[in-house]
Amino acid sequence: MSSLVGNVALNFSEEQSMLLDVARAFVRDKAPIDRVRAQLETEAGYDQAVWQEMVDLGWTGIALPESVGGSALGFSAVVPVIEALGHGLLGTPLMDTTLAGQLLLRAGGAAQESALAAIAEGEIATVAFLDGADWGADNTGVSLDDQGCLQGSKSFVGSAQVASRFVVVGNQGGEPLLAVVARDALSDDALVANTLIDLTKRSARIDFSGVKPEQVITGEAVVAALRDYRLLGALLAAVEATGAGARCLEVIVDYLKTRKQFGKLIGSYQALKHPTVDIYCAVEDSRSFCYHAASIIEEGGLSADAETACRMAKTSAGDMLVFAGDRAVQFHGGIGFTWDCDSTLFIRRAQWTQQVFGDAIHHRKRLASLLLD
Amino acid sequence: MSESKAALKEFQTEVRAWMKENVPAPPPFLLPLSFLEVGTEQQLDFLREWQHRVWSAGYLGMHWPKEYGGQGADPAYQGVVDRELGAANAPIMFNTIGLGWVGPLLLEMGTEDEKAKYLKAILSGEEIWCQGFSEPDHGSDLGAVQTRAVRDGDEYVINGSKIWTTMGNYADHMILLARTDPTAERKYDGLSFFLSPMKIPGVDAVPIRKVTGEYGFNQVFFTDARIPASTLMLEEGKGWQVAMKTLEYERGVQAGQGTSHWAVSIQIDDLIDDLRGFERDGEPLFQDPSVRDQAVTLIMEAKALALSQRRMRLSGLTSDFPMGLPLSSKYRGTEWARRMKLFGTAMQGASSSLYMGDGDAYRGGFWQRAYFSNFGMTIGGGTTQVQANIIAEHVLGLPK
Ligand SMILES: Cc1cc2nc3c(=O)[nH]c(=O)nc-3n(C[C@H](O)[C@H](O)[C@H](O)COP(=O)(O)OP(=O)(O)OC[C@H]3O[C@@H](n4cnc5c(N)ncnc54)[C@H](O)[C@@H]3O)c2cc1C
């Protein structure tokens, strides 16, 4: 076996299989595409009743310990659920909340019990991570001053409009810290919503200046937890994109099988057929990488192999969805260019996905160091 | 899998020791990179003798039944041997068309007589097989082949020509796809499949030189060649069905091959290790950001292919397109290999311009030759474009 190819662990557990079935059925029944569309221009971006059902199914606590009310199935069990949500293009705060939970869990452990318990019960939380547009930066620019107040603002905070709790990444005297901030502590004008390219998503810029956090977490564990957060975030973004890519492929294939031009189904033209095969192969690759990463994390945590796997997953899925969304528009012709065509949703999701937690170039650069040096 | 890990591990130790003792030193002449380029008697004799030695040790076709020269073992054992052959950089098992396609085909649909007659000599290397499918005017459109087979008593009389016939000049037998009924309404129904002898009057093989400069394939002319009627497989008109089954083995969609060690293993590690000595802008090649980016892309593809192989065994992760991964593995694998070898060729600075035969060519022009050679894989066995059609139609359900 090639050592550069390295670890090729790939498992699919009973739990994952069950969760995938349940989540797929849920998305099919509760969130068909017209209901997703109905939320595009609402403030929250999702249907509260649907979200409540997801909470009731226990999805916010899948990877949290039983001691805080989670089901302790491990992070790998989140993967099929996010894949299914991606397939439905369902924008909910599940990803942001899950990642906020993981960051707190990994940085703070037991001290975070009440916050984690709240998340398991469905409280929406999110990480305020980016200082600006650069995923590769330190992003610890917000500082804690001598009065114990935060100074500075954060950009692109996911699900900010609906979150009750923010985990703010910052620093004190140059050392990274996490500050837990309640929504109530923010004034109304602290939060400026973004107009996002993907209308199923929500984010905002938040000025945390002068806000006193509920809690501050510092120390070695924060550094390690932030590394985990970036990798787990990249993985979940990849997983969600994989689901979306599979759906995008279905949409393309359906159209190629129904639309006729020059007296023939357009799917018989190789100029459409062969790129569609490449989309299919790219979707399969992304899926392999995602479940591979999940398998390694399950076995040995966020090892170097897991880092490689998460980065490959994001690179693969990010590029795949850009390709699929782009071709989805083109392969639908004029109708593909309309607001009402679903190809619109995919090309917009693709542009959102490709950047989140670092684009393909960001990850390939880091993979180069992992693999070549 | 019925075989315990421990038993396989023990077997691996045994095989590894055997390889150490028995893998021959590289001969003074160049060996082919795959079975497609066996072009000289010297190469042939060397490879035949090596295959015979491996088979005599019990390490070839291990999962084929004992009565036909195999060991009746679990396929996992052959997997161990194949990995060790690769790891030891051992010469290839050259009789690939026999070992990889004809053998499993006969095991699946051959008669008792056919199995008894042919299988053991395939393994021992005594009898070489070639494949007479493609014709000058009909390649991808295989169903349209025109070589005629006309029944005459106990014989069929063959007229026509096959081309790109790998090892046709050395072969003892050919799997021959010929037209027995030119009037059949569907072109496919007029075809029949023969296990045709080659060393008979009226059969002439003329070697053709390749882009690599080497030989290995031929044009084969049939001029009133008479073959026994008993060499017909199944019955007249069933040729297409048998040919399609053969292609499943050839394309690796079906398992059962006597070995998978039919080409010099060229892995992504070889590529990266090999190129480390080159410089660009006065610095090591792999410090160049753009080169790094391309290298990572190639490594990722290698990993994706390896993961696909694993995933095929996880039904829960393949249920959306059950045949998708097997049917796309040739499409993906051969094209990735082409790009990787092209990269190896192109990253040598001015040395990229040298070829085999030049004393200064890097590793004797290894990557240049490997890149060219690889077209045998992307064209042979159904071209990449034809594979894409197959995936589109059979996996995604797109119209013809
Ligand atoms: C090294 C090597 C060894 C070989 N060994 C053997 C052997 O032992 N026995 C044997 O029988 N054959 C052998 N072949 C032949 C091989 O199977 C054929 O070359 C192959 O099937 C293509 O047929 P062709 O050469 O007639 O090309 P064509 O079919 O004429 O193809 C020309 C081009 O058109 C494209 N094309 C054709 N049809 C379509 C379509 N429907 N859609 C899109 N594109 C299309 C092809 O992809 C190709 O790019 C070998 C070939 C090579 C290169």
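A salt bridge here is a side-chain nitrogen of Lys or Arg within 4 Å of a carboxyl oxygen of Asp or Glu. Keep that rule at hand for the exercises below.

The model is predicted, so local features need pLDDT of at least 70 and side-chain atom pairs count only at pLDDT 80 or more, while totals for chains, interfaces and linings use all residues. Residues are numbered from 1 along each chain as its sequence is written, chains are lettered from A and ligands numbered from 1 in the order in which they are written, and side-chain values use heavy atoms, with hydrogens and water left out.

**Exercise 1. Two domains of chain B**

Task: Describe how domain 1 of chain B meets domain 2 of chain B, and find how many salt bridges cross their interface.

Solution: 

Step 1. Start with the bounds, which come from an automatic or database domain assignment. Chain B is divided into domain 1 (3-128), domain 2 (130-247) and domain 3 (268-395). Between domain 1 of chain B and domain 2 of chain B, the C-alpha centres are 26 Å apart.

Step 2. Take the contact, meaning heavy atoms within 4.5 Å. Domain 1 of chain B puts in 22 residues and domain 2 of chain B puts in 25 residues.

Step 3. Turn to buried area, the accessible area (1.4 Å probe) that two parts lose on being put together, summed over both. For these two domains of chain B it is about 2100 Å², with 65% from carbon and sulfur atoms. On the side of domain 1 of chain B, 28% of the area buried against domain 2 of chain B comes from B:L105, B:M109 and B:I128, more than from any other three residues.

Step 4. Apply the salt-bridge rule: two are found across the interface of domain 1 of chain B and domain 2 of chain B. In the structure you can look up the salt bridge between the side chains of B:E37 and B:K210, at 3.0 Å, N to O.

Step 5. Ask which helices take part. Helices are DSSP runs (H or I, at least four residues), numbered from the N terminus. On the side of domain 1 of chain B that touches domain 2 of chain B, at least two residues each come from α2 (41-56), α4 (96-109) and α5 (112-124) of chain B. The most come from α4(B), with seven residues.

**Exercise 2. The ligand site**

Task: Which residues come nearest to the ligand, and why is the site shared between chains?

Solution: 

Step 1. Count a residue as near if one of its heavy atoms lies within 4 Å of the ligand. There are 19 residues around the ligand, and A:Q270, B:Q131, B:S140, B:W164 and B:T383 come nearest.

Step 2. Look at the chain letters: the site is shared because residues from chains A and B surround the ligand.

Step 3. Check polar contacts, pairs of N or O atoms within 3.5 Å; within protein, one must be able to donate a hydrogen and the other to accept it, and residues adjacent in sequence count only if both atoms are side-chain atoms. From chain A, an N or O atom in the side chain of A:Q270 is 2.7 Å from a nitrogen atom of the ligand. From chain B, a polar side-chain atom of B:S140 is 2.6 Å from an oxygen atom of the ligand, and a polar backbone atom of B:W164 is 2.7 Å from a nitrogen atom of the ligand.

**Exercise 3. Chain A against chain B**

Task: How many residues does each chain give to the contact, and which helix of chain A gives the most?

Solution: 

Step 1. Chain A gives 44 residues and chain B gives 43 residues.

Step 2. About 4000 Å² is buried between chain A and chain B, 65% of it on carbon and sulfur atoms. A:L10, A:Y280 and A:L372 lose the most area in chain A, together 17% of what that side buries.

Step 3. Seven salt bridges are counted between chain A and chain B. The side chains of A:R24 and B:D320 form a salt bridge at 2.9 Å, N to O.

Step 4. Helices α7 (220-258), α8 (270-300), α9 (304-331) and α11 (360-372) of chain A each supply at least two residues of the side that touches chain B. The helix that gives the most is α8(A), with 15 residues.
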